[in-house]
Amino acid sequence: MRNCRSSKSGGPPTPSGETVVRLAEVSGIRSRCPAAGWAHRHGRDSAVDAESLTRVQDVITRHLVRFATQEELAVEWTAAMDGGELEPTAPVVGEYVLSHHTPADDILGELAVATREATGGAAQMQVSSDEGTLLTMLTRLTGARFAVEVGVFTGYSTPCIARGLADGGRLLACDVSEEWAAIGRPYWERAGVADRIDLRIAPALETLRALDTKPVIDIAFIDADKGNYPVYYEEIVRRLRPGGLVVLDNVFLGGRVLDPAYQQEHHLAVRRLNDMITRDKRVQSVMLPVRDGVTIAHRC
Ligand SMILES: C[S@@+](CC[C@H](N)C(=O)[O-])C[C@H]1O[C@@H](n2cnc3c(N)ncnc32)[C@H](O)[C@@H]1O
């Protein structure tokens, strides 16, 4: 099946002055257009032959044109994109990138092994070693003295951030699971950073809202429940000192964020947040195709 582009309000202007938006963003049109809804629901689940596809596209196009009373409408069909199967980079590139960064030391390597043994499939939540190196580097580059981590799990990213802190620096590490964090603690000790880490076992939003509202945070890493990303971002940005960074993990949601067929609450939350950060005048941001997508936003 294909995605449909229509040209009503809200999207980027075309060279001819028309406005083009993706069909999924025109929810008003879609809900009033049974054929579009049908195509959206069924086209993704079943193979459609070329003739049926053209017929469905014609029906949808005619419906959309009929609803476009305000301005001229052009409908453009684009090739299918199943975000759920998307690899941000070719696997061979991913492997190459993963083998070309300053490698994790033995302590982190052993923590990764212990996490796999103790948590099984959940171990995939852990950041990759290149992300760990990136976190240490960013923390060091900001000269951070106060860092916040939202989502500790077994604490791989935790010492990565703590290691980058300036002398006397503190990391406030937020999670709801004492059990998982306990796996990491011996490794924090061995890495010599345990005394810089203030672990708070509570919903992260409570911990963040209890912080001073002054710009006290130098760097923050968000890697917890995705549906709360927008509120975590907001609570952190308002406390971020000028020059500080907020780093967000999993901004691709395994590719689902690119595909409007995925409409669960956390898909919508991260999709909206990604768009919002792009427009957020308080920060300058960049989204990197590292692993599952990493956004770095720099407080102006
Ligand atoms: C992706 S894992 C974090 C991985 C970690 N950064 C690492 O590198 O190993 C997400 C974590 O968020 C935690 N979490 C989920 N909901 C939370 C909440 N409301 N408040 C705090 N932590 C939460 C989970 O317990 C889980 O440990």
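Predicted model: local features only at pLDDT ≥ 70, side-chain atom pairs only at ≥ 80, totals over all residues.
In strand β8, the bridge partner of Ile219 is Leu245. The pairing concerned is that of β7 (residues 217-222) with β8, which run parallel and are joined by 5 bridges; strands count as paired if DSSP finds at least two bridges between them. Helices (H or I, at least four residues) and strands (E, at least two) are DSSP runs numbered from the N terminus. Residues are numbered from 1 along each chain as its sequence is written.

Strand β8 (residues 240-249) is also joined to β10 (residues 294-299), in this case by 5 bridges in the antiparallel sense. Asp249 is placed opposite Val294 of β10. Strand β10 pairs in turn with β9 (residues 283-288), antiparallel and over 6 bridges, and His298 in β10 is the bridge partner of Gln284. The strands β9 and β10 form a hairpin with 5 residues between them.

These pairings belong to an open sheet of 7 strands with mixed pairing, in the order β6-β5-β4-β7-β8-β10-β9. Strands β6 (197-201) and β9 stand at the edges with a single partner strand each, so one side of each is left without a neighbour in the sheet. From one strand to the next, the twist averages 15°, with axes taken as lines fitted to C-alpha atoms (for helices over the stretch in contact) and angles running from 0 to 180 degrees between N-to-C directions. Helix α10 (residues 229-237) packs on the sheet and touches β4 (146-150), β7, β8, β9 and β10; its direction makes about 160° with that of β8. Contact between two residues requires their C-beta atoms, placed from the backbone, to lie within 7 Å.

Helix α10 also packs against α11 (265-279). The two helices meet at an angle of about 40°, with their axes 8 Å apart. Tyr229, Pro230 and Tyr233 in α10 meet Ala269, Val270, Arg272 and Leu273 in α11. The residues of this contact divide into 6 nonpolar, no polar and 1 charged; Ala, Val, Leu, Ile, Met, Phe, Trp, Tyr, Cys and Pro count as nonpolar, Asp, Glu, Lys and Arg as charged, and the others, Gly among them, as polar.

Of the 10 residues of β8, 7 are buried, so the strand is largely enclosed by the rest of the structure. A residue is classed as buried if 20 or more other C-beta atoms lie within 10 Å of its own, exposed if 12 or fewer, and partly exposed in between, with C-beta atoms placed from the backbone. For the chain of 300 residues, 37% count as buried. Beyond its neighbours within four places in sequence, Ile222 is in contact with Val150, Gly151, Tyr229, Tyr232, Tyr233, Val246, Leu248 and Asp249. Among contacts between residues at least 6 apart in sequence, 68% join residues at least 24 apart. The secondary structure of the chain comes to 11 helices and 10 strands.

The loop between β8 and α11 contains Phe252 and Leu253. Phe252 is buried, with 23 other C-beta atoms within 10 Å. Apart from neighbours within four places in sequence, the contacts of Phe252 are Pro88, Val257, Asp292 and Gly293. Leu253 likewise counts as buried, with 24 C-beta neighbours inside 10 Å, and its phi is near 50°, a positive value in a residue other than glycine. Most residues other than glycine have a negative phi. Arg291, in the loop between β9 and β10, has a positive phi of about 50° although it is not a glycine. With 19 C-beta neighbours inside 10 Å, Arg291 counts as partly exposed.

The ligand is surrounded by 19 residues, the closest being Met125, Gly151, Phe153, Ser157 and Ala224; a residue is near the molecule if its C-beta atom, placed from the backbone, lies within 6 Å of it. By class, the shell has 11 nonpolar, 5 polar and 3 charged residues.
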